[in-house]
Amino acid sequence: MNGQELLPLLPLLIVSVFVVLNLIVISLYRNHQTTALLTGLGLVLALISTLFIDKSTPQYVMPLIIVDRYSIFFVGLILLAALMVTLLSYRYLELQKESRKEEYYVFLLLTTLGSSVVVSSNHFVSFFLGLEILSVSLYALIAYKAEDSLGLEAGIKYLILAATSDAFLLFGIALIYADTGQLEFARIAPMFDSGHIGFLLPGLGLLIVGLGFKLSLVPFHMWTPDVYQGAPAPITAFLASASKGAVFALMLRYFTKIGIHTNNSLLTVFAVIAVASMFGGNLLALLQNYVKRILAYSSIAHFGYLLTAFLASGNLAFSAVTYYLAAYFVTILGAFGAITALSGSKAEPDLIDSYRGMFWKQPLLGGVFSATLLSLAGIPLTAGFVGKFYVMAAGINSHLWILVVSLVASSVIGLFYYLRIISVMFSKDLGNSEATGSDMTGMAAAGFALVLLTIALVWLGIYPSSLIALIQKIVPNPA
Amino acid sequence: MNGVFYLSAIIGILATLMVVTRLNAVHALLYLIVSFFSVAVIFFVLGAPFVAALEIIIYAGAIMVLFVFVIMMLNLGSKSTKQEGVLLQPRSWLGPSVLSGILILEIIYLMAYSGSSPISSPAEIAPKQIGMALFGPYAIGVELASMLLLAGLVGAYHIGSRRLLDSSSKRGDKE
């Protein structure tokens, strides 16, 4: 091992260095602004470093990590998401009574590191370690606010359920290892082609349970609304985008390799999960009165849509999933970003009624929030529309009729609750909605992030070909 | 050696079940130690004596530290003496000792057998090989594990410190 070999890891190394740097700075000089700036700087440097990695051939760092166009694209996406969350968090934390605001950024960098490791892992060891770094720092972030018992409850729920799902994951890995004697993804994949089953299928089944939990797909979704509601809004944004996206990106790469399209039992399992997630998420969202819970159920449904494209085969599926994930990142960061920006020192606006007349009081924020909701619903001119269109095209191309029909039907159900929030925001009756924050401390950073996200949202909706061209380049040797 | 494996696996499951069902934390911890011992024996049978030793040193050792904490927290003068008396009743130590006694017999049996091969796996993994793997192909994994521990440490510190802050601020309010 020498320096040359470590070069492809530059973004991860920079993030790790800034974790340690932040800790040192915090212990010497506790200042919220300094730590936030340092975190932003680290993320920007890591982003810049992704441009300098040689992407011509996939590079393996030991057997653990693979660095190619695909993983670098997702690492970049995760770093961008983390940067947006940092910008959004500054004002949010300033308004909190919490006396220790600085460790937040350490955890944020650590979750970023964890999700980046997950997307670039080529080995069960790095996958599991990345996943654990991701979830351990998420426990701390979810329960970050000292005075908030709801956050604490959410943190404990996430801790226990994530530990349980990790047990499933580990048992699955053990069974696969027992059968193949391999922990490297690239070497396990060919074993499937030989038609040999043995412990592989039960192992894979347990693996799917663990992954299903991380992605909050329907039979494993119970934790989602509570955790989404209890966590601080910027953290929910990160949880919904980077943490889930990383796991899905990894799943896409390797499940395609092991020939999920030819294996009937796997295909059936995923199809059932997809349909259940689409309908379950959208129907349960109808019953909710809290905006963050609605968005939680909507995220369940969105990962159901993603599974539709995931099950479609070929190049189109790959680019559809990647595009949808990118669009979803932008949209959900914008949505939770708007909630973050609307929250005052007392509480986040959570009950749907506290959004009454939002559009007339805070036209800019109301506009951003409506735009993201429209994108989640899949209305034209937004990123969400193009993404959904792409996913449906991929589904139709592979003749997955049941999935496509459920996608359309459940999207129509979904439209109702998105529009319900929007109609409440536009209602002239102002009611008693004093919970909305008008505190402008540190609004510049959050505002900047929201403007960027909104521009990206509309840009991807009107002119998607720029991103699609990029995505077509990163597809790893088409299956 | 399959018999030894199954016996220790059964003891492991039994001990873990007892951990979950005990109401007294100290009793549960005793069974937890037995459960770690049985896992260590399984590792030994599988040809990983080094990991078996680590299992006992690290896990059982950590439980001992927990023990010390429990005793420390229960340290309330005469009440703690009563607590010790309860702990010394055969009812509380008999179960764990029987289970670990069986495990010791297994180990003695394995040791006596070591003339031939005491293990069911094709090769024994020596500490050197583990070290070489950790410093060779898995070096990044070791670094990642250090980040994981850092996350756990800082997280525990942050969430744990809130109770201290709360109680001190409440005390401040009273005064």
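Visitor: Helices here are DSSP runs of H or I, at least four residues, numbered from the N terminus. Which helix gives the most to the lining of the second largest cavity?

Guide: Helix 4 of chain A, with three residues. Keep in mind that this is a predicted model.

Visitor: Noted. What volume does the second largest cavity have?

Guide: About 80 Å³. Its lining is made up of A:P8, A:P11, A:L12, A:I53, A:I66, A:V67, A:S71, A:I72, A:V75 and A:S120. Helix 2, strand 2 (65-67) and helix 4 (69-94) of chain A each give two or more residues to that lining.

Visitor: How does that lining divide into nonpolar, polar and charged?

Guide: Eight nonpolar, two polar and no charged.

Visitor: Step back a bit. How many cavities of 30 Å³ or more are there?

Guide: Six. The largest cavity has a volume of about 210 Å³.

Visitor: Which residues lie nearest the centre of that largest cavity?

Guide: A:F124, A:F185, A:L207, A:Y254 and A:F255, out of 16 lining residues. Helix 6, helix 8 (185-193), helix 9 (200-214) and helix 11 (233-257) of chain A each supply two or more of the lining. Helix 11 of chain A has the largest share, five residues.

Visitor: And what classes are in the lining of the largest cavity?

Guide: It divides into 16 nonpolar, no polar and no charged residues.

Visitor: Helix 11 has my attention. Which side chain meets A:R253 in a salt bridge?

Guide: That of A:D68, at 3.1 Å, N to O. A:D68 sits in the loop between strand 2 and helix 4 of chain A, and A:R253 in helix 11 of chain A, so the pair ties together parts 185 residues apart in sequence.

Visitor: Why would two such side chains pair up at all?

Guide: Side chains of opposite charge can pair when their charged atoms come close. Over all chains, the salt bridge count comes to seven.

Visitor: How many of those salt bridges are between chain A and chain B?

Guide: The count there is zero. The interface of chain A and chain B does have three residue pairs in polar contact.

Visitor: Which elements of chain A give two or more residues to the side that touches chain B?

Guide: Helix 2 (10-28), helix 5 (103-119) and helix 6 (124-142) of chain A. Helix 6 of chain A has the largest share, nine residues. By class, that side of chain A has 23 nonpolar, five polar and six charged residues.

Visitor: How much area do chain A and chain B bury between them?

Guide: About 2,200 Å², with 79% of it on carbon and sulfur atoms. A:R100, A:L129 and A:I133 supply 21% of what chain A buries against chain B, more than any other three residues.

Visitor: And how many residues does each chain put into the contact?

Guide: Chain A puts in 34 residues and chain B 21 residues.

Visitor: Which elements give two or more residues to its lining?

Guide: From chain A, helix 6 and helix 7 (149-180). From chain B, helix 2 (25-45), helix 3 (49-73), helix 6 (127-135) and helix 7 (139-174).

Terms used:
Residues are numbered from 1 along each chain as its sequence is written. Chains are lettered from A and ligands numbered from 1 in the order in which they are written. This is a predicted model: local features need pLDDT of at least 70, side-chain atom pairs count only at pLDDT 80 or more; totals for chains, interfaces and linings use all residues. Side-chain values use heavy atoms; hydrogens and water are left out. Contact means heavy atoms within 4.5 Å. Buried area is the accessible area (1.4 Å probe) that two parts lose on being put together, summed over both. A salt bridge is a side-chain nitrogen of Lys or Arg within 4 Å of a carboxyl oxygen of Asp or Glu. A polar contact is a pair of N or O atoms within 3.5 Å; within protein, one must be able to donate a hydrogen and the other to accept it, and residues adjacent in sequence count only if both atoms are side-chain atoms. Ala, Val, Leu, Ile, Met, Phe, Trp, Tyr, Cys and Pro count as nonpolar, Asp, Glu, Lys and Arg as charged, and the others, Gly among them, as polar. On a 1 Å grid over the protein atoms alone, a cavity is a set of points where a 1.4 Å probe fits but cannot get out, and a pocket is an open set with protein on both sides within 12 Å along at least five of seven lines; lining residues have an atom within 4 Å of a point. Grid points are joined across faces, edges and corners, and a volume is the space filled by probe spheres set on the points.
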